Amino acid sequence: MKVIICDDDGLMAQTLESWTKEYMKEEVVEIHSFLHGKDVLWFMEDVAQEEQVIVLMDIKLEDGNGIEIVKKLRKINSNCFTIFISGYTEYVEDSFEADPIYYLLKPCTKEKFFRAMDKAVLRLQESKKKSICFSINGNLKRVFVDEIIYAESHGRKILLHTINEAFEYYGKLKELNDDLIGYPFVWCHKSFLVNMNHVRMIVKNELVLLDGTVVPISRTKLTETKEKVFKFFGEQL
């Protein structure tokens, strides 16, 4: 596993590196610190495309916006688990577009940093363990749970939307929901199952996803969906 630190404040970067080493204790982990976002992108493309990575990213950098950089990182490697670290509260809502694990406000304490790392490591472990196999034309296709955005039912088929592609298979949404118990999914409509990591907001009776997709919420599931999504959002801050 790798931990990438990007903060144009050299002293803060050193502090984050020291806290990371203390948090990881005896676990073998590579820590790479950068002052510029462009160097992080280069490193990810050249070295860490396939590995699971925890990214500690400042939002306001000299050479760009940390949120936009993380969005680019996730296109290179979908196994990025990001903790944003910023002195500005106005970026909290925009940060959801990059699917962060946690948003730390500067000046942050070591205790809060450790709490954020607990969540990042847990998400990393969950994504490493859990994948689902689907039968498509006699072939098995493996999909990591963390890469699923949402699923929609069309008769006897399910259209599964993932970070990298969308594909159809024969199945029932209830069976998929049962397979995903314990993971942050909400069955918001008889025909839609959504990964809450990819929800940006709730507007009336619809879920708006990070990519702009709008998913309906049925009247009978509205209260339950709102409660689950609001609780999930609260646990990320």
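**Starting with glycine 66**

Is glycine 66 buried or exposed? Glycine 66 has 0% relative accessibility, so it counts as buried (buried means under 20% relative accessible area, exposed over 50%, and partly exposed in between, with a 1.4 Å probe and protein chains only). Its place is in helix α3; helices (H or I, at least four residues) and strands (E, at least two) are DSSP runs, numbered from the N terminus. Setting aside neighbours within four places in sequence, glycine 66 is in contact with Met57, Asp58, Ile59, Leu61 and Phe84 (contact means heavy atoms within 4.5 Å). Glycine 66 and valine 40 are 26 residues apart in sequence, and their C-alpha atoms are 10 Å apart in space.

A word on the model before going on. It is a predicted one, where local features need pLDDT of at least 70 and side-chain atom pairs count only at pLDDT 80 or more, while totals for chains, interfaces and linings use all residues. Residues are numbered from 1 along each chain as its sequence is written, and side-chain values use heavy atoms, with hydrogens and water left out.

**Helix α2 and its two sides**

Valine 40 brings us to helix α2, residues 37-46, whose buried residues are Gly37, Val40, Leu41, Phe43 and Met44. Looking down the axis of α2, these buried residues fall within an arc of 165°, so they line one face of the helix (the arc is that of the directions from the helix axis to the C-beta atoms). In general, an α-helix has 3.6 residues a turn, so residues three or four places apart point the same way.

Turned away from that buried side is a face with the exposed residues Lys38, Trp42 and Asp46. As for what covers the buried residues of α2, the list includes β1 (2-6), β2 (30-34), β3 (53-58), β4 (60-61), α3 (66-76) and β6 (80-86).

**Strand β3, covered on both faces**

β3 is mostly covered, with six of its six residues buried. Val53, Val55 and Met57 point one way from β3, while Ile54, Leu56 and Asp58 point the other way.

β3 has parallel partners. Five bridges join it to β1, where cysteine 6 stands opposite methionine 57. Six bridges join β3 to β6, and there valine 55 has threonine 82 as its bridge partner. Two strands pair if DSSP finds at least two bridges between them.

**The five-stranded sheet**

Further along, an open sheet of five strands runs in the order β12-β11-β10-β14-β13, with antiparallel pairing. Its edge strands are β12 (166-170) and β13 (185-189), each pairing on one side only. Strand β11 (residues 157-162) is joined to β12 by five bridges, and isoleucine 158 stands opposite tyrosine 169 in β12.

**Aromatic rings and charges**

Searching the whole structure turns up 10 aromatic pairs (rings of Phe, Tyr and Trp, the last by its six-membered ring, pair if their centres lie within 6.5 Å; planes under 30 degrees apart count as stacked, over 60 as edge-to-face and the rest as tilted). Tyrosine 88 and tyrosine 91 have ring centres 6.0 Å apart and planes at 80°, so that pair is edge-to-face. Tyrosine 88, at 34% relative accessibility, counts as partly exposed. Phenylalanine 134 and tyrosine 169 make a tilted pair, 4.5 Å centre to centre with 50° between the planes. Phenylalanine 134 lies in strand β8 (residues 131-136) and tyrosine 169 in β12, so the pair ties together parts that are 35 residues apart in sequence. Both of these residues are buried. Elsewhere, Trp19, Tyr23, Phe113 and Phe114 form one aromatic cluster.

Lysines also meet rings here. The charged end of lysine 141 sits over the ring of phenylalanine 167, 5.3 Å from its centre, and that of lysine 221 sits over the ring of tryptophan 187, 4.9 Å from its centre (that takes NZ of Lys or CZ of Arg within 6 Å of the ring centre and within 35 degrees of the ring normal).

The peptide bond from lysine 106 to proline 107 is cis, with omega near -5°. Proline 107 is in the loop between β7 (102-105) and α5 (110-129).

Aspartate 99 has a positive phi of about 55° without being a glycine, and it is found in the loop between α4 (92-95) and β7. Asparagine 137, in the loop between β8 and β9 (139-144), also has a positive phi, near 55°. Aspartate 99 is buried, with a relative accessible area of 7%, whereas asparagine 137 is exposed at 78%.
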